[in-house]
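Welcome! Have a look at it first, and then read on.

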Amino acid sequence: MSDDFANDVAEGLSATPKTLPSKYFYDAAGDDLFIQIMDLPEYYLTRAEMEIFREQTDSLIKALGQRPEKPFELVELGAGDGQKTFHLLKKLLSDGYDFTYVPVDISANVLEHLKNFLKKELPDLKIRIEQGDYFKRLKGLQETAQPRVILYLGSNLGNLTDEKSKAFMEKLSRRLTPGDRLVLGVDKKKSADIVLPAYNDSKGVTAAFNLNLLTRINRDLGGEFKLEQFRHAPEYDEENGIAISYLESLVDQDIIIGALDRTFNFTKGEKIKVEISRKYDLPIIRKIIADTPFEIETVFKDSQDLYLDIVLLRD
Ligand code: AVJ
């Protein structure tokens, strides 16, 4: 893990322009900051998806295409705190569905927490946790005789370029069986006046979240970043629907990273690309799944038309 981190940081900071992978945001401090982000008034994504899961639970369950008496697996990629899924799990149980919930997450910490929470709140739930990086290993998707429903929520797909999304969807589809389904939660393409504040909140929580990546490099790799010499600088390409967060160097500076035995120089105004947050519409999704066996079956949206949960059938 720390080796992967070292390699990825070395590669990203050697590139022109410089980049760092957003998946490394999520250490303990990052998990905590992200929980705060989900509560921010500007960060509408979580609330919009929550509304869909809370207000349209019955229709959503119908769209999963399962029968109560036939066991299935409900796999959630990047489960996090499982807040949205809770409504779904609860209703599936009370409707008498026979299923096993399989949350997959990179954070062992988050999974333990989720398991304990669900054991207490839903004692009848069958649960099997899987720790791992689902982008790489698609853990939790080993061979199974049971039909599967995959949940990939939170607009997590948006951290990938469309090229990488295509490859990911292809790989995912190969692990599935005809008739399996994927519920894909994505943020809708919309105007900059709504998107930009979501990535540049007035309390500076998102800035702290992004800058925490430098703190992590300092701690885990012996980096010597001075946080006050960088600023969080998000941009949004409204035409294409792509938000990008950068960390911008405020001065000319050389940064030593001990574990890499290297120094990286930054010019004043130089930016490290740390995260893309893609926004979607159905034509974009159709392009991404064009060469895969997925087809769009049902589309759910929230009352304010901010967000989409799309049920894809693997045929
Ligand atoms: C969890 C990847 C969906 O891109 O909106 C929130 C992460 N970054 N604020 C997103 C995030 C800054 C979030 N995702």
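**Ile129 and its surroundings**

Not counting residues up to four places away in sequence, Ile129 touches Pro103, Leu111, Glu112 and Lys115, where contact means heavy atoms within 4.5 Å. This is a predicted model, in which local features need pLDDT of at least 70, side-chain atom pairs count only at pLDDT 80 or more, and totals for chains, interfaces and linings use all residues. Residues are numbered from 1 along each chain as its sequence is written, and side-chain values use heavy atoms, with hydrogens and water left out.

- Ile129 sits in the loop between β3 (126–127) and β4 (130–131); strands here are DSSP runs (E, at least two residues) and helices are DSSP runs too (H or I, at least four), numbered from the N terminus.
- At 26% relative accessibility, Ile129 is partly exposed, a class between buried (under 20% relative accessible area) and exposed (over 50%), using a 1.4 Å probe and protein chains only.

**Around the ligand**

- The ligand has 14 residues around it, and Tyr43, Gly154, Tyr199, Glu275 and Ser277 come nearest; a residue is near if one of its heavy atoms lies within 4 Å.
- A polar side-chain atom of Tyr199 is 2.5 Å from an oxygen atom of the ligand, and for Asn159 the corresponding distance is 3.5 Å.
- In the side chain of Ser277, an N or O atom lies 2.6 Å from an oxygen atom of the ligand.
- The protein covers 98% of the 350 Å² of accessible area that the ligand has on its own, as given by the Shrake-Rupley method with a 1.4 Å probe.
- At least two shell residues come from each of α2 (28–39), α10 (205–221) and β11 (271–278).

**The nonpolar cores**

- In the largest nonpolar core, of 66 residues, Leu74 and Tyr101 touch the most other members; such a core is a set of buried Ala, Val, Leu, Ile, Met, Phe, Trp, Tyr and Cys residues joined through side-chain atoms within 4.5 Å.
- Helix α10 gives the most to this core, with seven residues.
- Apart from this core lies another, of 27 residues, including Val75 and Phe168.

**Thr85**

- Thr85 belongs to helix α5 (residues 83–94) and is buried, with a relative accessible area of 0%.
- Leaving aside neighbours within four places in sequence, Thr85 is in contact with Glu76, Tyr101, Leu151 and Leu153.

How values were computed
A polar contact is a pair of N or O atoms within 3.5 Å; within protein, one must be able to donate a hydrogen and the other to accept it, and residues adjacent in sequence count only if both atoms are side-chain atoms.
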